[in-house]
Amino acid sequence: MAQDREFKNRYSRKLTRNMVLIVIVVSFVPMLMVSGIVLHQFSISYNEKLYAHLKEVVHRHAQDIDSFLNERLNNLQFLLDSCDNENLLDESVLQEKLFQLQQKYGGVFEDLGVINEAGVQESYAGRFKLEKAEYSDAKWFKEALGKPYYISDVFLGLRSIPHFIVSVKRIYQGRYFLLRATISFEAFNSLAENLRIGKTGFVFILNKEGAFQTKPHYDMLPSNKSYLDFINAGKKATHEIYIGELTDNAGRDRIIYLAALLKNEDWILVYQQEKKEAFSDLIRTQIVAAVILFIGALLIVIMNSILFHKVISHFTEVDRENEMMNRQIIETGKLASVGRLAAGTAHEINNPVAIMVQEAGWIEDLLKEEEFQKGKNLQEIERALKQINSQGKRCKEITHKLLSFARKTDPKIQTVRINEMIEEVVAISDKTSYTGISINTYLDKTAPPIYGSQTEVQQVLLNLINNALYALKKNGGKIDITTRLKNHHVLVVVEDNGPGIPKANLDRIFDPFFTTKPVGEGNGLGLSICFGIIQKMGGEIDVHSTVDGGTRFDIRFPMKNPITSKTENLSVKTSTNSGE
Amino acid sequence: MRENENANKKNIKLLLVDDEKRFVEVLFKRLNKRNIDVTTAYSGAEGIQALRKVDFDVAILDLKMEDMDGLEVLKIFKKMYAKMEVIILTGHESEQTTREGMKYGAFAYISKPCDFEELICTISKAISD
């Protein structure tokens, strides 16, 4: 039995696990697929949008810088156009013009100078002492001489301070002159670096050789591989803005960058930002989605487990009830076949006993004849014959009890005279196999019949009496069976003065398979079957027990038939009538 | 007193139907000793045959016989000769058969093993009615 239960438990656990797994898989796969697809699409469109936005920003910034440079050129051109050569060579005029430009554009213009084609600065206005400076070997001078307008890269030059030069060329009396202005690196740098997004998004400018045209960022060294990437990116970004991605120097974070060309494709504007910052919104959304997904999954798992646990335990309960029903049917069947056997035996015994008794009677008859009257042992013979007669009567009583018991093995619902039933069950209970046990009945003769199956009521009484006998087996004692009419119920009390039931077991005695008997002696179904029968009849059973004080079972059988509504109606009618 | 009773029962013609041969024999002897004129039959058919020849005052009938059911025999007896009272004497009594037996006109129902004096008493009651 215990093994069987263990097997069932294992089976139900396995079943629960399998069902939960199946449902989890079935619900997770679509959930994960849908959320995966949605998230993927979302990231794609978010990427597109973010890059489009950055492109726009970088493009505009490049335009801003370009227009800044062009404006400076225009300033110089205007200056050149507004003055003739003599004026320009006059340093006081140049000073005044510089002052005007500085007034208008702040510190953008650092100085002004006019350089002849030999590379000598003929006039100069500014804070550095660069009068008559020699530029003939300077790279920028050579390049500027070949073009009407020129903007140099950033370089240190004679003053040893990073700066760059804007120059405009003029031909005067067959000779070239350059009007040049130094643009403040600080001013340009602040304009160029004006674009900052978040904590890690910033811009810088490189020339085609990879030299910084803005203040180098703290970790941007020309030796870095990433740095070369930027240059290559710049080469690729001929018309459009190039977008790339690389790993930072520490090799930890991914960095996105956008590169755009400016200053007639001489310079590369690079915008770079840590990817995790640029995509922080997306990452946050992904985290939120993951959390929601996780919570959802957790809920599904928990709900499934609870649900299936309930379903399985319900089925287990149903199984158990079915098993009990089957047991009950088997027990009833057993009782019925015992009944049939008893009936058959009783009938077969009746005939020979009848012959015996009649033969004894015949001897009695014959003894009355005179020849036997003088017999020496006449009295002894008569006594023996009487004994045969009385034992024959005893046999008859026994067979009648058996027959009466057998008649009541019919499971159909009928009236049961509870008092008679109790007497019979007491008569057939195996009290004789125990010594020192007495069974006393206190039956209320006015108790009306109850409705139920004879067999089942018999079984209830047999079970209770046998349990009481079992309890008294060791030390003996008494069993009192009382019937009483109480509140429209027939109350049957079966009470013993045995060792009682410990409190811990008291709540469980009606549970199926609960038994305190040694293995093989009881299946733990007796009381649960009693409980089932009494409940089916619409009655109740209670137990009261104290350790060493004995046990009392109170059974309340309803007086009317609880099953057929017809009877119920009838009884209602009857009670109304009696009320009148 | 018993002698008087026996004298009164002179000429009682009784038909005893039972397939239990030993029982029939001993009962025959005992009834004869009480001056009852007993005819025995060991089956339902024999009983019916016997009733064709003689109008018995009373019959003792077993219910469970090999050839016929006692209740069937009872019905036939009552059809053939309604004046004859039938006492059912059986080891196979049950509430149902008792009820049916009474319905078909049995006079009394006695279960085996029976007290002989009770049987005699029932016979005399059957006759006097």
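Colleague: In this predicted model, what makes helix H3 (residues 44–53) of chain B roughly parallel to helix H4 (residues 70–80) of chain B?

Modeller: Their axes come within 10 Å and cross at roughly 10°. Angles under 35 degrees count as roughly parallel, and therefore H3(B) is called roughly parallel to H4(B).

Colleague: Which residues make the contact?

Modeller: H3(B) brings Gly44(B), Gly47(B), Ile48(B) and Leu51(B), while H4(B) brings Glu72(B), Val73(B), Ile76(B), Phe77(B) and Met80(B).

Colleague: How does the contact of H3(B) with H4(B) divide by class?

Modeller: Six residues are nonpolar, two polar and one charged. Gly counts as polar, so Gly44(B) and Gly47(B) of H3(B) fall in the polar class.

Colleague: How many residues does each chain put into the contact between chain A and chain B?

Modeller: Chain A gives 15 residues, and chain B gives 15 residues. On the side of chain A, helix H8 (280–367) and helix H10 (378–407) each supply at least two residues. The largest share, twelve residues, comes from H8(A). By class, that side of chain A has five nonpolar, six polar and four charged residues.

Colleague: Why is the set that includes Leu258(A) and Val270(A) called a nonpolar core?

Modeller: Because its members are buried residues of kinds such as Ala, Val and Leu, joined through C-beta atoms within 7 Å. The largest nonpolar core has 54 residues, and Leu258(A), Ala259(A), Ala260(A), Leu269(A) and Val270(A) touch the most other members. Strand E9 (residues 254–262) of chain A gives the most to this core, eight residues. Another core, of 38 residues, lies apart from it and includes Val416(A), Val425(A), Ile509(A) and Ile529(A).

Definitions and conventions. Residues are numbered from 1 along each chain as its sequence is written. Chains are lettered from A and ligands numbered from 1 in the order in which they are written. This is a predicted model: local features need pLDDT of at least 70, side-chain atom pairs count only at pLDDT 80 or more; totals for chains, interfaces and linings use all residues. A residue is buried if 20 or more other C-beta atoms lie within 10 Å of its own, exposed if 12 or fewer, and partly exposed in between; C-beta atoms are placed from the backbone. Helices (H or I, at least four residues) and strands (E, at least two) are DSSP runs, numbered from the N terminus. Axes are lines fitted to C-alpha atoms, for helices over the stretch in contact, and angles run from 0 to 180 degrees between N-to-C directions. Angles under 35 degrees count as roughly parallel, over 145 as roughly antiparallel, 65 to 115 as roughly perpendicular and the rest as oblique. Two residues are in contact if their C-beta atoms, placed from the backbone, lie within 7 Å.
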